[in-house]
Amino acid sequence: MARSSAADTVSVAGRRLRLTHPDKVIYPETGTTKADVIAYYQQIAPYLLPHIRGRIVTRKRWVDGVGTDSAPGSVFFEKNLPDSAPSWIRRVEIHHREHVNTYPVFEDAAALAWAGQVAALELHVPQWRVDRDGTPQNPDRFVLDLDPGPGAGLPECVEVAKRAKKLLADLDLTTYPVTSGSKGIHLYAPLDGSHDSDYMNAFAKEVAKALEAELPDLVVSSMRKSERGGKVLVDWSQNNGNKTTIAPYSLRGTTTPRVAVPRTWREMTDSLEQLTLDQVVARMKRRKDPMADLSEHAADPDEPDRLETYRSMRDPDKTPEPVPADRPAPSEGRSFVIQEHHASSLHWDFRLEHDGVLVSWALPKGVPTDTGKNHLAVQTEDHPLSYATFEGTIPKGEYGGGEVTIWDHGTYELEKWKAREVIATLSGTKDGGLGGRRKYALIHTNKNQWLIHRMKIT
């Protein structure tokens, strides 16, 4: 998280974010500050983001901190993304029966930093995702919340979790345990997306009832508090399409900064404990995410391959250009490259890293050097990230045949990325063609044609 010239503005994953009161104490018991919260979310982003990518995020905010056991801090749920939120956070409208909510979808570390800035400590997400158009899909994961009642605790949850694992394995479902950061354990299992939320909610209820029948002295499936003494509630209701669950690796608004943490089944013993922020940071320095397979399974196989067009135009046996066989993986970087391309006609290729690829435009007259003259930018096919270092000669007769050299490269700070407008500030190399730092707007005009405009940096 790099600090810019303004003392209260930082650059996170190439995005500019205004921060206030970084020394404000959010967890009084441990002295954990807002800056500590933001730092945690930056460190844990590579593990957290795969579990929330494509999911709307409901936040629980403690603006004045979580307080203490004797004087708890004020908290509220927030569904709609406020107008004050940065424009680069993805917004998705969800139509409910009687109203419409505009939710955020967090796609990078910068969005997590913003959540920390507004003291949105807890990030809650549904078991379903939205597609690129914002349309809700069928759930791609199943969850049971094992919540101990009075007189029960984690050891009892562990016993129930192990039995649930066996029951679900008999149904060909692989389970992943998560200590919730509060009192209990969450059990997740991947789904193939063939059933809707109503179906999965009814299925989860039957699983809870089956566990109750098998362990009547330990399990309760009813939500009535009077029945929960000494037992573990198997809460099936979070599979309801309108419900959410604390995201794996999210902080909790507990008096100490606890975290919802994916665990291995080997850890499921009577000595199991909830973990705190510092413990999780240290833990993830020496191990992989035990739930990584779940997030990989949840990737939509029907989602368009953004490099399909690129590959169809190139023969890897005839061109020195990189032609990766795999689909692009999501990325959070903000790199750019501008390449001088001596093809059938000289032009410059302007490429910005976004969502795992280099989004590309061809500039017949090059990059604008002043603010008073716009240049044509023709959008071309997305390129792989590995193209950012490509220099060489594409053979004559192949697509784009001619010499390619890097004119400038570096990173960019994103101000806006919408379907018809992109605004970014590029910071090139010392000896690059940009001559330092420049701000550009790309404005869509017609089909694949855009205008590129140099803007003043204020």
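Colleague: Is Arg59 buried or exposed?

Modeller: Arg59 counts as buried, because its relative accessibility is 0%. Buried here means under 20% relative accessible area and exposed means over 50%, with partly exposed in between (1.4 Å probe, protein chains only). Bear in mind that this is a predicted model, where local features need pLDDT of at least 70 and side-chain atom pairs count only at pLDDT 80 or more, while totals for chains, interfaces and linings use all residues. Residues are numbered from 1 along each chain as its sequence is written, and side-chain values use heavy atoms, with hydrogens and water left out.

Colleague: Which side chain does Arg59 meet in a salt bridge?

Modeller: That would be Glu78, with 3.2 Å from N to O. The rule for a salt bridge is a side-chain nitrogen of Lys or Arg within 4 Å of a carboxyl oxygen of Asp or Glu. Arg59 sits in strand β6 (residues 58–61) and Glu78 in strand β7 (residues 76–78), so the pair links distant parts of the chain, 19 residues apart. Helices (H or I, at least four residues) and strands (E, at least two) are DSSP runs, numbered from the N terminus.

Colleague: And Glu78, buried or exposed?

Modeller: Glu78 counts as buried, because its relative accessibility is 13%.

Colleague: What else forms a salt bridge with Glu78?

Modeller: Arg61 does, and the closest N and O atoms are 3.2 Å apart. Arg61 lies in β6 and Glu78 in β7, so this pair ties together parts that are 17 residues apart in sequence. Arg61 and Glu78 are both buried.

Colleague: How many salt bridges does the rule give?

Modeller: The count comes to 27. Among them, Arg311 pairs with Asp305, with the closest N and O atoms 2.1 Å apart. Arg311 and Asp305 are both buried. There is also a network of salt bridges that links Arg263, Glu267, Arg283 and Arg287.

Colleague: Switching topic: what are the domain bounds?

Modeller: Domain 1 covers 8–297 and domain 2 covers 307–455. Those bounds come from an automatic or database domain assignment. The C-alpha centres of domain 1 and domain 2 lie 38 Å apart. The contact (heavy atoms within 4.5 Å) takes 14 residues from domain 1 and 10 residues from domain 2.

Colleague: How much area do domain 1 and domain 2 bury between them?

Modeller: About 1000 Å², with 41% of it on carbon and sulfur atoms. Buried area is the accessible area (1.4 Å probe) that two parts lose on being put together, summed over both.

Colleague: What about polar contact across the interface of domain 1 and domain 2, how many residue pairs?

Modeller: The rule finds two residue pairs, both at pLDDT 80 or more. A polar contact is a pair of N or O atoms within 3.5 Å; within protein, one must be able to donate a hydrogen and the other to accept it, and residues adjacent in sequence count only if both atoms are side-chain atoms. On the side of domain 1 that touches domain 2, β3 (15–18) and α1 (34–52) each supply at least two residues. The residues of that side divide into five nonpolar, three polar and six charged. The salt bridge count between domain 1 and domain 2 is one.

Colleague: Okay, helices now. Why is α2 largely enclosed by the rest of the structure?

Modeller: Helix α2 (residues 109–117) is largely enclosed because nine of its nine residues are buried. Trp114 and Gln117 are among them. The buried residues of α2 pack against β2 (9–12), β3, α1, β6 and β10 (120–125). After α2 comes Ala119, with a positive phi near 60°.

Colleague: Where is Tyr249, and what is its phi?

Modeller: Tyr249 lies in the loop between β16 (245–246) and β17 (258–259). Its phi is near 80°, a positive value in a residue other than glycine. Tyr249 is buried, with a relative accessible area of 0%.

Colleague: And Lys447, buried or exposed?

Modeller: Lys447 counts as exposed, because its relative accessibility is 71%. Lys447 is in the loop between β27 (437–446) and β28 (449–455). Its phi is positive, about 50°, although Lys447 is not a glycine.

Colleague: Last one: which side chain does Asp147 touch in a polar contact?

Modeller: The side chain of Arg228, at 3.0 Å. Asp147 is in strand β11 (residues 141–148) and counts as buried at 19% relative accessibility.

Methods: Ala, Val, Leu, Ile, Met, Phe, Trp, Tyr, Cys and Pro count as nonpolar, Asp, Glu, Lys and Arg as charged, and the others, Gly among them, as polar.
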